[in-house]
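Subject: Structure handover

Hello,

Here is the structure we discussed, for you to open alongside this message. My notes on what was found in it follow below.

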Amino acid sequence: RIVVGVIDTGIDYTHPDLAANMWRNPGEVAGNAIDDDGNGHVDDVFGIDCVNNDSDPRDDHFHGTHVAGTIGAHGNDARGVVGVNWNVGLMALKFLDENGSGFTSDAIECLDYATQMRAEFGIDVRLTSNSWGGGGFDAALRDAIAASGDAGMLFVAAAGNAASDNDGAFPAFPASYDLPNVVAVAATDHNDALAAFS
């Protein structure tokens, strides 16, 4: 199954609607305090946490779990919600803290991890979900997104909630990077029209 890297506040990987679809690193032995696969991260079973600089990307906010549920909450079980893809691997990549704040450098580290796992370890990471934004143009982030594209990955980014024209005078990053692998996603309302805030 394909893997989606969720670059966000982490994921509650014990959630009953998500546990079965969590990606598990086949090269790691959980809890042995060894970097078994040699990727530079110890015990990165579900992904990485760049906020706390460890390999426990558990969500202490809520947003990443919400996003992961939209992508891949297990369905047909008479419980909770359902995601778009009921059979997907969810890679937890935490760069936002319990307040929903984070550093671009940590987002880059998360993206680089997903790219490395695809390019060097053969994990079928097809895309990353990036439901975040803020700050201006950042050359290092653009380079990381371009590198993920060179590895065959899409970078799906939120268009933002500012009701502005991202292609005009008001770019919103990372959605507005002019790269062929960036897919900027706007919000729609119940009438399938562009949401007023999007």
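Asp 43 sits in the loop between strands β1 and β2 (47-49); helices (H or I, at least four residues) and strands (E, at least two) are DSSP runs, numbered from the N terminus. The model is predicted, so local features need pLDDT of at least 70 and side-chain atom pairs count only at pLDDT 80 or more, while totals for chains, interfaces and linings use all residues. Residues are numbered from 1 along each chain as its sequence is written, and side-chain values use heavy atoms, with hydrogens and water left out.

Positive phi angles

Asp 43 is not a glycine, yet it has a positive phi of about 55°. Its relative accessibility is 17%, so Asp 43 counts as buried (buried means under 20% relative accessible area, exposed over 50%, partly exposed in between, with a 1.4 Å probe and protein chains only). Asn 76, also not a glycine, has a positive phi of about 60°. Asn 76 is found in the loop between α1 and β3. Is Asn 76 buried or exposed? With a relative accessible area of 70%, Asn 76 is exposed.

Helix α1

Contact here means heavy atoms within 4.5 Å.

Helix α3

Helix α3 (residues 139-150) has 12 residues and spans 16 Å from its first C-alpha to its last, close to the 16 Å expected at 1.5 Å a residue. The expected span is 1.5 Å times one less than the number of residues. Which residues of α3 are buried? They are Leu 141, Ala 144, Ile 145 and Ser 148. Seen down the axis of α3, these buried residues fall within an arc of 100°, so they line one face of the helix; the arc is that of the directions from the helix axis to the C-beta atoms. As background, an α-helix has 3.6 residues a turn, so residues three or four places apart point the same way. The cover over the buried residues of α3 includes α2 (104-119), β5 and β6.

At the start of α3, a side-chain oxygen of Asp 138 comes to within 3.0 Å of the backbone nitrogen of Ala 140. A polar contact is a pair of N or O atoms within 3.5 Å; within protein, one must be able to donate a hydrogen and the other to accept it, and residues adjacent in sequence count only if both atoms are side-chain atoms. Just after α3, Gly 152 takes a positive phi of about 95°.

Cysteines

How many disulfides does the structure hold? It holds 0, a disulfide being a pair of cysteine sulfur atoms within 2.5 Å. The cysteine sulfur closest to that of Cys 50 is in Cys 110, at 3.6 Å, which is too far for a bond. Cys 50 is buried, at 3% relative accessible area, and Cys 110 is buried too, at 0%.

The loop between β5 and β6

Pro 174 lies in the loop between β5 (154-158) and β6 (182-185). A cis peptide bond joins Phe 173 to Pro 174, with omega about 15°.

The whole structure has 5 aromatic pairs. Rings of Phe, Tyr and Trp (its six-membered ring) pair if their centres lie within 6.5 Å; planes under 30 degrees apart count as stacked, over 60 as edge-to-face and the rest as tilted. One of the pairs is Phe 173 with Tyr 177, which is tilted, at 4.7 Å centre to centre and 45° between the planes. Phe 173 is buried at 13% relative accessible area, and Tyr 177 counts as buried at 4%. Together with Phe 137, Phe 173 and Tyr 177 form one aromatic cluster.

Ser 176 is also in the loop between β5 and β6. Its side chain reaches the backbone oxygen of Asn 166 at 3.3 Å. Leaving aside neighbours within four places in sequence, Ser 176 is in contact with Asn 166 and Pro 171.

Ala 159 has its place in the loop between β5 and β6 and is buried, with a relative accessible area of 15%. Not counting residues up to four places away in sequence, Ala 159 touches Asn 166, Ala 172, Ala 175, Val 185 and Ala 186.

Regards
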